[in-house]
Amino acid sequence: MTRAPETVRPAIAPLSRLPAFFDLKGKRAVVAGGSDAAAWKVELLSAAGARVEVFAAMPGEPLLALAITPPDGAVSLHRRSWSASDLRGAAIAVADCADDKAAAQFAAAARGAGVPVNVIDRPAFCDFSFGAIVNRSPLVIGISTEGAAPVFAQAIRAKIEALIPLGFARWAAAALAWRPRLRTFALPFRARRTFWERFAARALAAPNRTPNEAELDAFRDSLLASNPRQVGSVTLVGAGPGDPELLTLRAVRALQSADVILFDDLVSTDILDFARREAKKMLVGKTGHAPSCRQDEINALMVSLANAGRVVVRLKGGDPMIFGRADEEIAACRAAGIAVEVVPGITTAQGAAGRLLVSLTRRGEARRLQYITGHSRGGKLPADIDWKSLADPAATTVVYMPTQTLPDLVAAALKTGLDPNTPTVAVVSATRADERVIAATIANLPARLAAEPLSGPVVAMIGRVFADHLENATAASDSASGQPSAAAR
């Protein structure tokens with residue numbers, strides 16, 4: 001069964017607040033209140049270039065000082081209470097109110113004048129919130145918890161502050177200055193994208209340097225010299241077993257630089273959140289025993305996109321080099337003269353073992369680890385499985401894609417010497433939120449899986465290292481049924 005590749009537009013998860021950045025340079029902002037909290041908002045608004053008018057009958061010392069030496073935009077003090085007419089023509093309005101009644105009055109007056117409003121520490125009357133800020137202007141990072149946990153937001157801000165060097169401000173300023181000149185170079189889209197990728201790489205490598213115009217010219221010259229045809233590239237990226245936190249940093253960078261992402265059904269959709277929003281995402285479904293895109297169609301699509309100058313990421317569940325048909329895709333790219341690379345991922349066996357807290361090569365119990373596939377190209381049990389190796393009691397065996405052929409595999413393995421009481425664990429949707437673990441003897445596992453609704457990818461793991469899981473599962477089952485444990489019997 002086949003199906004055609006289809007473009008997918010993953011829906012963004014619900015947002016409690018829309019992050020937005022106001023351009024206040026030279027615009028009028030109104031602040032009502034003379035408290036220290038109001039002064040902090042005045043300082044922020046002035047730092048953003050706003051002309052701040054403060055209405056306070058008794059302004060505190062911080063406000064008086066700001067009126068004399070504002071960070072940027074002028075601060076004007078009006079020693080009286082605000083009136084509705086004061087809000088007309090303002091770009092933004094902020095107030096520190098004594099109670100909900102005063103807050104409601106200010107919010108209603110601001111909205112009546114068509115002005116977005118914030119009432120300090122009273123989120124019910126706010127159209128927007130300030131949040132915590134990491135300032136590397138023109139690089140600015142805002143953090144919001146919708147007012148629920150300001151201290152938590154500050155803790156996150158401290159983390160980000162530690163990760164973002166102060167020198168990034170100079171690189172962001174250089175980007176702002178260079179962008180108009182870059183347009184005059186008349187570079188094609190892919191070259192412009194490569195320029196900014198190299199710019200970002202240089203900034204990350206030397207964050208505290210000050211970039212100069214000579215580097216701009218050097219970037220341009222290297223692009224023109226190294227990429228005359230603007231041919232794209234293909235990167236095979238391992239998405240891991242499902243948990244997006246198991247992605248490698250290199251995988252994240254590849255996703256963020258991709259123009260087009262070709263992904264399988266078994267890739268967790270959370271992984272796609274790491275990609276650029278404007279990147280084209282195409283489902284090229286490759287899943288067992290269901291309608292799938294043919295491999296030659298996927299190969300042709302990759303090559304055609306790369307030949308059109310696109311940066312293509314072929315996103316595969318687990319590790320692309322383990323039962324991922326990566327060799328066929330690499331061969332297709334090489335035959336077409338397309339640059340191809342591989343970003344390894346955590347394979348499902350590793351992710352499952354990590355969640356189970358089981359060493360797959362536990363000393364004294366397993367001297368060998370082997371991965372086998374549960375089906376061949378035709379969907380049947382492979383004819384060339386080394387059954388003697390599978391029956392070795394000192395081996396841990398991981399069976400990928402076992403669901404349809406597991407009864408035949410177990411029957412053949414038992415016939416060739418595998419102990420029917422060998423502990424086995426089947427993991428469904430490993431590392432994901434809906435992960436399930438089914439422990440049984442190898443002889444009983446096919447019946448257990450047949451009785452379970454299996455909605456996600458499955459891996460079967462066979463070997464003595466899972467004895468504790470089998471014992472615990474048996475004890476839990478006996479306890480639930482009111483029977484004495486196997487040990488007691």
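Predicted model: local features only at pLDDT ≥ 70, side-chain atom pairs only at ≥ 80, totals over all residues.

Q: How many bridges join strand S10 to S12, and do the strands run parallel or antiparallel?

A: The general idea is that strands of a sheet pair through backbone hydrogen bonds, in either a parallel or an antiparallel manner. Here strand S10 (residues 260–263) and S12 run parallel and are joined by four bridges.

Q: In what order do the strands of the open sheet lie?

A: The sheet has six strands, in the order S1-S11-S10-S12-S9-S13, and its pairing is mixed. S1 and S13 are the edge strands, each of which pairs on one side only. From one strand to the next, the twist averages 25°.

Q: Which residue forms a salt bridge with glutamate 329?

A: In general, side chains of opposite charge can pair when their charged atoms come close. In this model glutamate 329 forms a salt bridge with arginine 314, with 3.0 Å between the closest N and O atoms. The pair links distant parts of the chain, since glutamate 329 belongs to helix H10 (residues 326–335) and arginine 314 to strand S12 (residues 311–316), 15 residues apart.

Q: Is glutamate 329 buried or exposed?

A: A residue counts as buried under 20% relative accessible area. Glutamate 329 has a relative accessible area of 0% and is therefore buried. Arginine 314 is buried as well, because its relative accessible area is 0%.

Q: How many salt bridges does the structure hold?

A: The structure holds 22 salt bridges. One of them joins glutamate 341 to arginine 250, whose closest N and O atoms are 2.7 Å apart. Glutamate 341 lies in strand S13 (residues 339–343) and arginine 250 in helix H8 (residues 249–257), so this pair ties together parts that are 91 residues apart in sequence. With a relative accessibility of 40%, glutamate 341 counts as partly exposed; arginine 250 is also partly exposed, at 39%.

Q: Where do the side chains of arginine 436 and glutamate 452 meet, in terms of the chain?

A: These side chains meet in a salt bridge of 2.8 Å, N to O. Arginine 436 is in strand S17 (residues 436–441), while glutamate 452 is in the loop between helix H14 (445–450) and strand S18 (458–462), so that the pair links distant parts of the chain, 16 residues apart. Arginine 436 is partly exposed, with a relative accessible area of 27%, and glutamate 452 is partly exposed with a value of 27%.

Q: How many residues does helix H1 have, and how far does it reach?

A: The span of a helix can be compared with the value expected at 1.5 Å a residue. Helix H1 (residues 36–47) has twelve residues and reaches 16 Å from its first C-alpha to its last, close to the expected 16 Å. Its buried residues are Ala38, Ala39, Lys41, Val42, Leu44, Leu45 and Ser46. Glycine 49 follows H1 and has a positive phi, near 90°.

Q: Which residues form a nonpolar patch on the surface?

A: The patch is formed by Ile12, Leu15 and Leu18, which together have about 350 Å² of accessible area. Isoleucine 12 is located in the loop between strand S1 (6–8) and strand S2 (28–32). Isoleucine 12 counts as exposed because its relative accessibility is 55%.

Methods: Residues numbered from 1 in each chain as written. Heavy atoms only, no water. Patch = residues over 30% accessible without salt bridge, like charges linked within 9 Å, V, L, I, M, F, W, Y side chains within 5 Å. Areas by Shrake-Rupley, 256 points an atom, 1.4 Å probe, with all protein chains shown as cover. Salt bridge = Lys/Arg side-chain N within 4 Å of Asp/Glu carboxyl O. Helix = DSSP H or I, 4+ residues; strand = E, 2+ residues; numbered from the N terminus. Buried < 20%, exposed > 50% of the residue type's maximum accessible area, 1.4 Å probe, protein only. Expected span 1.5 Å × (residues − 1). Pairing = 2+ DSSP bridges. Axes fitted to C-alpha atoms, helices over the stretch in contact; angles between N-to-C directions.
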